[in-house]
Every structure is written in structure tokens, then in C-alpha cells.
Amino acid sequence: FLRRLSIVILDEAHIYDGIFGSNMAYLMRRLRSAAGPSSGKGTPSGAAGMQFLASTATMADGEHYMKLLTGVDFYFIGPERDGTPTFEKRIVHCSISSAGDGYRSFLRKIGRDVLNCDGNERFLIFTDSRKRVEELAADLQRSLRDEKEEKTEDRSAETLEEIESLIANAQILPYRAGYEDNCREKIQEALTQAKLKGVVSTSALELGIDIGNIGLVILIGAPADARSFWQRAGRTGRDCPGLVIILDTDDSVYRIGLRRYLARDFRPNTLYLDNEYLRYANVLCAAEEQRR
């Protein structure tokens with residue numbers, strides 16, 4: 001496998017940060033070392049012919065950082081040369097209190113409006129609390145049932161069978177860390193296939209999810225990190241025009257203004273390549289790999 005390896009793809013490259021990113025940086029160097037030199041037979045192979053491709057929408061100084069991460073030079077293709085089809089995306093700021101029933105009433109109305117719209121457009125709601133994810137999903141689903149005068153028991157789901165049952169009977173589901181992989185995949189699949197109208201999620205749906213026809217993204221609370229905001233906002237505007245609503249529950253956006261909030265720079269990634277403990281662990285791994 002290593003002798004034939006010619007392309008290494010690093011998607012969502014901005015996640016390689018801190019200790020995790022530092023271990024990944026050493027892994028990339030070990031990979032190049034284990035692959036060995038070029039075969040010299042005309043077809044590039046091994047480390048000398050290995051090509052790295054990386055993609056990210058939210059990294060500061062990507063060209064320089066990717067060289068630190070992999071140890072090889074990168075050719076940078078910026079957003080001005082991005083050929084990805086894009087649609088209009090509007091961002092709306094709404095200052096609203098998290099106390100009382102204000103924002104919950106707002107969400108219930110939005111949920112009903114989206115449900116009654118023609119077409120297959122769906123919505124995502126992001127919040128940072130697992131408990132709130134479950135509560136909001138149940139609250140929204142209950143409000144939809146009340147309109148149809150259906151009375152069924154609210155319940156959470158943990159197993160694949162329970163998730164499949166909820167998908168068959170619900171239009172809005174929660175999504176968070178803690179679910180088994182097959183349960184999370186089933187929810188993503190149902191949303192992609194328009195079996196669900198919406199999902200309430202933690203940051204678990206920020207990355208690596210490409211679901212078209214997400215027409216609306218609602219953020220409960222404004223993410224303090226610019227990367228997190230644009231990852232969440234990026235879930236919409238892919239296959240149809242998108243709307244992002246920021247429910248500014250602590251007035252953090254209101255205090256600095258929406259334009260300044262959106263113009264913030266991405267936080268630089270950090271690697272700890274001089275950390276002696278990381279270096280020692282990876283040297284042991286490299287020694288074993290070279291022995292084999």
C-alpha cells in the first residue's frame with residue numbers, strides 16, 4: 001500500500017490543530033518516511049511522488065500552515081479561484097433574550113413556516129448544549145403535532161431501531177455527540193432524502209456534512225469563534241439560496257455590530273512540534289514502522 005501511495009487528501013484541514021494536529025504532523029512525516037523514495041521506473045511512487053491535497057474554508061494562512069503540517073510545499077488556490085457553485089446567502093441578526101419563552105416561540109413559528117413551505121428545503125438549528133438540543137427538538141416536534149391535533153408520547157432515542165422509528169413518525173430530530181455512528185448516519189441520510197424537515201444539533205453537524213437544500217440555518221447564540229460561525233453558516237446556500245439567522249441571546253454581536261462580527265479573522269492553528277513527549281512517542285512509532 002505504501003509503495004503505491006501517490007495521493008493523500010486532508011479534508012477539513014483546519015481541524016488539525018493543537019495536540020491532535022501535532023500528532024497528525026508527525027504522522028504525515030512518518031508516512032512519507034515509511035513510503036520510501038521514488039521507484040525510479042518512470043511512474044512516481046513512494047515519498048518522492050506523493051502528492052498532498054488539502055481543503056478548508058476556515059483556515060488562517062493555509063499555505064504556510066499546511067507546509068508545517070506535512071513538511072512539503074503547497075500551492076494555494078484561494079476563494080477567488082473557487083469554482084464551486086454558490087447561491088445567495090443572507091445573514092440576519094436578531095437580538096433576543098434567552099430568558100422566558102421568547103426565542104422558543106420564535107423557533108416554533110419558524111418551524112411551522114418551514115413545514116408549510118412548498119418544496120424540499122430543510123433547516124438546521126445549532127445550539128451548544130446537548131440537553132438543549134433534545135429539549136428544543138422535542139418542543140418543536142410537539143408544536144407541530146399540536147397543530148395537527150396528534151397526541152403521541154415524547155421520547156428520546158439512543159438505538160438504531162428507536163432512531164428509525166422516530167424518523168418514520170417525526171419531522172424534526174436532535175443530533176449530537178453520544179449517538180452511535182450508525183444512528184448519526186441514519187439521521188443524516190433522512191435529512192438528505194427529505195424524510196425530515198429539520199434537525200437541531202450541537203457542533204456535531206458543523207464539519208464534513210454536505211446536505212443540499214438546507215435553506216435555513218438558525219444559530220442560538222453567536223459562536224465566539226469565527227471558524228465555528230462560518231462552518232455552521234456554510235451548511236446552507238449549497239443547492240439553493242440560504243438564510244442564516246443569528247439569535248443573539250447575549251447581545252455579543254449587537255455590542256460590536258454585525259459587520260465587524262462577520263469580518264473577524266480566523267484563529268491561527270497551532271502545532272507543538274518541539275514538544276518532547278510528542279516527539280518521543282512518534283519516534284518510537286517511526287522506529288517500529290522502519291523495522292517492519
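The points below cover the nonpolar cores, the salt bridges and one surface patch of this predicted model.

1. Largest core. The largest nonpolar core has 25 residues, and within this core L124 and V199 touch the most other members. At least two residues each come from β4 (122–126), β5 (172–175), α7 (181–192), β7 (214–220), α8 (226–233) and β8 (242–248). Helix α7 gives the most, with four residues.

2. Surroundings of L124. Leaving aside neighbours within four places in sequence, L124 is in contact with L191, V199, L205, I214, L216, V217, I218 and R235. V199, one of these partners, is the other residue named with L124 as touching the most core members.

3. Salt bridges overall. Side chains of opposite charge can pair when their charged atoms come close. A search of the whole structure finds seven salt bridges.

4. R176 and E134. These two side chains form a salt bridge, with the closest N and O atoms 2.7 Å apart. R176 lies in the loop between β5 and α7 and E134 in helix α5 (residues 130–148), so the pair ties together parts that are 42 residues apart in sequence. R176 counts as buried, because its relative accessibility of 10% is under the 20% limit. E134 is buried as well, at a relative accessible area of 19%.

5. R232 and E206. Here the salt bridge has an N to O distance of 2.6 Å. Since R232 sits in helix α8 and E206 in the loop between β6 (198–201) and β7, the pair ties together parts that are 26 residues apart in sequence. R232 is buried, with a relative accessible area of 2%. E206 is buried too, at 10%.

6. K67 and D73. The closest N and O atoms of this salt bridge are 2.8 Å apart. K67 counts as partly exposed, at 42% relative accessibility. D73 counts as exposed, because its 61% relative accessibility is over the 50% limit.

7. D17 and its network. D17 is found in the loop between β1 (7–10) and α1 (18–35). D17 is buried, with a relative accessible area of 18%. A network of salt bridges links D17, D225 and R267. Within that group, a polar contact of 2.8 Å joins the side chains of D17 and R267. Leaving aside neighbours within four places in sequence, the contacts of D17 are with Y65, R227, R267, N269 and T270.

8. Nonpolar surface patch. I7, I9 and L53 make a nonpolar surface patch of about 280 Å². L53 belongs to strand β2 (residues 51–54). At 39% relative accessibility, L53 counts as partly exposed, because this value falls between the 20% and 50% limits.

9. Points to check in the viewer. Which residues of the largest core touch the most other members? They are L124 and V199.

Key:
Residues are numbered from 1 along each chain as its sequence is written. This is a predicted model: local features need pLDDT of at least 70, side-chain atom pairs count only at pLDDT 80 or more; totals for chains, interfaces and linings use all residues. Side-chain values use heavy atoms; hydrogens and water are left out. A nonpolar core is a set of buried Ala, Val, Leu, Ile, Met, Phe, Trp, Tyr and Cys residues joined through side-chain atoms within 4.5 Å. Buried means under 20% relative accessible area, exposed over 50%, partly exposed in between (1.4 Å probe, protein chains only). Contact means heavy atoms within 4.5 Å. A polar contact is a pair of N or O atoms within 3.5 Å; within protein, one must be able to donate a hydrogen and the other to accept it, and residues adjacent in sequence count only if both atoms are side-chain atoms. Patches are made of residues with over 30% relative accessible area and no salt bridge: like charges are joined within 9 Å, nonpolar side chains (Val, Leu, Ile, Met, Phe, Trp, Tyr) within 5 Å. Accessible areas come from the Shrake-Rupley method with a 1.4 Å probe; for residues, only the protein chains shown count as cover. A salt bridge is a side-chain nitrogen of Lys or Arg within 4 Å of a carboxyl oxygen of Asp or Glu.
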